[in-house]
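Please brief me on selected local features of this model.

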Amino acid sequence: MNKTRTVAINILDCLNKNKIDYAILRNWDFLKNSKIHIGKDIDIVVDSNSVAKIDRLLRRKGFFEEKLSPFSKHKGYVKYISEDSKLLKFHFHVGGVSGRHIIYLGAEQALSRRSEVGKYFVLSKEDLLLTLIIHSPGSDRYSALANSIKNFDKDYLLTNLEKLLGINLSHRVFALFLKDFKLLKRARKEIRRKIFLINPIKVYYGYIMSILWYIPRLIRGAPLITFIGMDGAGKSTATKNIINLLKTHKISSELVYVGRGKNNILPIQFFGRKYKKYELRNDKLIKNDHNNFKRSLVYSFAAPIYYLDFMLRYSKIFILRRTRKIVITDRFGTDLLLMKYVPLWLRRTLYNLMPKPDLIFYLYSDVSKLYSRKPLHPKGDLERQEKLFKNILPNLSNVKIIRTRTENQTVKDISNELFVLWLKYYSKI
């Protein structure tokens with residue numbers, strides 16, 4: 001994670017250079033120790049006057065703005081660090097530390113009391129404790145941190161708790177905290193209710209407007225990414241590894257198989273197997289023109305049925321994409337373009353009627369290597385597939401061609417392209 005730390009430190013140096021006042025809220029141990037892992041994002045409080053400068057700075061450094069609700073008082077920026085296969089996020093609390101649309105620690109107060117770690121700035125011990133008590137009361141994640149902070153200004157902390165929670169609740173919360181931070185779980189609901197009651201109209205307004213802001217994003221849907229390629233090219237392995245990578249970054253995603261071979265909704269396989277048996281019994285007539293014409297009719301009739309089956313399965317993909325899930329598909333409607341005995345005009349027509357992926361990964365390798373992975377595969381079929389793919393690839397849009405080598409290298413090559421698409425999607429309004 002050395003590259004990620006280098007980029008993060010560089011951004012903080014730029015904030016210092018541009019005289020932007022800031023304070024890192026928590027998880028800033030990476031400032032002192034280069035071996036400490038940087039978490040999912042770096043939370044920073046800034047004043048509202050710094051927003052324009054921060055925006056220009058982060059964009060110049062290759063970060064994308066993560067579009068957050070304008071009613072949240074938060075600004076997010078994200079960049080994919082390919083060397084570490086990691087997303088680096090900066091999450092700015094503008095005007096003060098806030099949660100659920102309520103600012104409970106103003107920027108002026110937080111920045112006037114900030115502490116220095118080397119040449120960088122973090123919240124004071126008291127303000128850090130205040131944010132942990134209000135934002136994450138009793139959280140197992142932060143209990144060790146909260147309990148480890150000693151020699152802090154108890155009067156300051158209690159006074160600020162009283163302003164937010166009232167005298168009775170604040171004194172009870174303070175007493176629980178002094179015993180053990182985890183005990184605050186007992187008062188979690190009361191704390192959150194009290195913060196809500198500071199300005200319930202503002203909270204409701206923020207939630208309602210955020211939902212209205214969010215609706216157009218649901219209509220557009222999350223990215224659809226598909227993997228195609230010859231049999232044995234590594235599609236199943238690659239899709240599984242990419243799903244695991246997305247889960248590591250806490251990006252909601254789902255893998256769906258949409259090839260012709262399985263998971264059909266219509267009884268295609270039932271009738272297909274029966275026809276294949278009939279076809280095998282009549283293989284001796286393959287060279288007969290009448291038989292080839294008959295076979296072409298059967299397969300041409302089957303093609304629209306495959307198309308209908310695909311569209312029925314796509315209904316699941318459609319719903320998933322509207323829940324902000326990136327959908328990864330193993331194979332796609334391009335399987336129709338590979339069908340034997342079906343006229344090219346019919347294959348292209350049916351494919352053009354299908355929804356299109358935002359990004360297609362075509363995985364390939366040497367045919368000899370593919371046969372070694374699929375020793376029972378019919379001889380000559382991979383050459384046929386390779387030729388067909390060469391013909392159809394120029395007709396597809398948004399295609400990235402990836403030569404499969406080792407698993408790790410293949411995932412790295414794919415992720416470099418995939419995260420660029422993800423960042424562009426989440427930076428759009």
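Ser 85 sits in the loop that joins β4 (74–81) to β5 (86–94); strands (E, at least two residues) and helices (H or I, at least four) are DSSP runs numbered from the N terminus. This is a predicted model, in which local features need pLDDT of at least 70, side-chain atom pairs count only at pLDDT 80 or more, and totals for chains, interfaces and linings use all residues. Residues are numbered from 1 along each chain as its sequence is written, and side-chain values use heavy atoms, without hydrogens and water.

**Positive phi**
- Most residues other than glycine have a negative phi.
- Ser 85 is not a glycine, yet its phi is positive, about 50 degrees.
- Ser 85 counts as partly exposed at 25% relative accessibility (buried is under 20% relative accessible area, exposed over 50%, partly exposed in between; 1.4 Å probe, protein chains only).
- Lys 19, in the loop between α1 and β1 (22–24), has a positive phi near 55 degrees.
- Lys 19 is exposed, with a relative accessible area of 71%.

**Nonpolar cores**
- A nonpolar core is a set of buried Ala, Val, Leu, Ile, Met, Phe, Trp, Tyr and Cys residues joined through side-chain atoms within 4.5 Å.
- The largest has 64 residues, and those with the most contacts inside it are Ile 225, Phe 227, Ile 242, Ile 328 and Phe 361.
- Helix α17 (residues 407–426) contributes the most to this core, nine residues.
- Beyond four places in sequence, Ile 328 has contacts (heavy atoms within 4.5 Å) that include Thr 239, Glu 254 and Leu 418.
- Another core, of 38 residues, lies apart from it and includes Val 97 and Leu 161.
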